[in-house]
Amino acid sequence: MTWLTNLTGFAAPFFIVMSPVISYGDQILAMHRNKSSAGFSLDIPLIMLVASLFRIFYWPGSRFDASLLVQSFLMVVVQLILLKTALEHRPLPATKGGEGSMPFSGLERGGPLDIRRPYNFWQWRSHKPYWHFLLYLLGALIACEVLFRPVEPVYDAYSVLIGYLGLSIEATLPIPQLIANAQSQSSKGFRLSVLASWIGGDAMKVFWFFTSTSAIPLAFKVCGCFQAACDCLLGVQYFMYGAGDNEAILKEHAMEEAHWARGHRASRSHTPSLSGGTKRGPMFSDTEAE
């Protein structure tokens with residue numbers, strides 16, 4: 001058993017650092033090659049970007065293993081590329097309220113898990129609000145770091161808070177894809193390579209968390225176990241549903257687009273002008289032009 005612990009102690013840090021590229025590189029290439037992000041949940045880059053930023057700002061107060069910090073920085077870079085690729089290749093009609101504006105491609109509208117988010121959060125049709133939100137989040141974290149750092153008791157509590165928040169958010173990573181697969185009864189668009197890297201990577205990561213001699217806070221261990229369990233459920237879904245085309249879903253999207261087109265033509269025939277005064281929308285408007 002000692003040899004396995006030593007091997008994991010050597011291999012796990014390297015795998016953890018490279019896991020963002022290993023896990024999501026193939027997904028990015030597939031979406032770029034197919035010119036479509038159908039079946040991929042936009043909530044995945046949201047979860048990983050927020051969690052990684054929180055982990056980066058958690059490090060000064062906890063000083064956990066350096067490989068986990070390097071992974072967080074690399075994860076931010078990879079997820080920004082993934083988000084940009086997914087937004088650029090959303091299925092049409094992305095600017096017409098169709099599939100591309102939905103958080104989970106193929107999610108059935110009106111279902112029990114179809115919950116409207118405040119201000120259509122992370123369901124915007126325009127690209128700009130996504131980047132604005134991330135910039136505001138980064139600015140807020142930097143401001144809190146500067147304000148709380150001189151007050152040690154407050155900073156210690158704040159550091160623990162964002163650490164647990166970040167790791168808890170990361171642990172929910174598989175949940176959006178679990179919901180998307182359950183609603184669409186398909187794993188179409190979710191790469192097998194991503195699933196394999198999640199399951200294998202989390203198994204190695206959890207083993208390393210409990211056997212490593214370096215500093216690994218308890219939060220990493222608890223959240224790592226939860227995430228590994230969710231990844232296993234994704235594996236069960238992939239086995240049950242497969243990754244083939246779901247014709248019923250494709251037909252539904254085609255009918256929805258045709259229905260929108262008919263309604264749009266009818267509304268234009270009864271609307272003389274759209275140039276009247278408009279009311280200013282919320283901070284992250286979903287009606288901005290692409």
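Start with α8: this helix gives 4 residues to the lining of the second largest cavity, the largest share. Helices here are DSSP runs (H or I, at least four residues), numbered from the N terminus. The model is predicted; local features need pLDDT of at least 70, side-chain atom pairs count only at pLDDT 80 or more, and totals for chains, interfaces and linings use all residues. Residues are numbered from 1 along each chain as its sequence is written, and side-chain values use heavy atoms, without hydrogens and water.

**Stop 1: the second largest cavity.** Select R55, L68, Q71, L167, E170, K205, F209, F220, C223, G224 and Q227, the lining residues. A cavity is a set of points on a 1 Å grid over the protein atoms alone where a 1.4 Å probe fits but cannot get out; lining residues have an atom within 4 Å of a point. The volume is about 90 Å³, counted as the space filled by probe spheres set on the points.

**Stop 2: α7 against α8.** Now select residues 192–211 (α7) and 218–241 (α8). They pack at about 150°, with axes 9 Å apart. That makes α7 roughly antiparallel to α8 (an angle over 145 degrees). Axes are lines fitted to C-alpha atoms over the stretch in contact, and angles run from 0 to 180 degrees between N-to-C directions. Contact means heavy atoms within 4.5 Å. On the α7 side, pick W198 and F210, among others; on α8, residues including L234 and Y238.

**Stop 3: the largest cavity.** Select S19, S23, Q71, D202 and K205, which lie nearest its centre among 16 lining residues. This cavity has a volume of about 170 Å³. Helices α1 (2–34), α3 (66–88) and α7 each supply at least two lining residues.

Definitions and conventions:
Angles under 35 degrees count as roughly parallel, over 145 as roughly antiparallel, 65 to 115 as roughly perpendicular and the rest as oblique. On a 1 Å grid over the protein atoms alone, a cavity is a set of points where a 1.4 Å probe fits but cannot get out, and a pocket is an open set with protein on both sides within 12 Å along at least five of seven lines; lining residues have an atom within 4 Å of a point.
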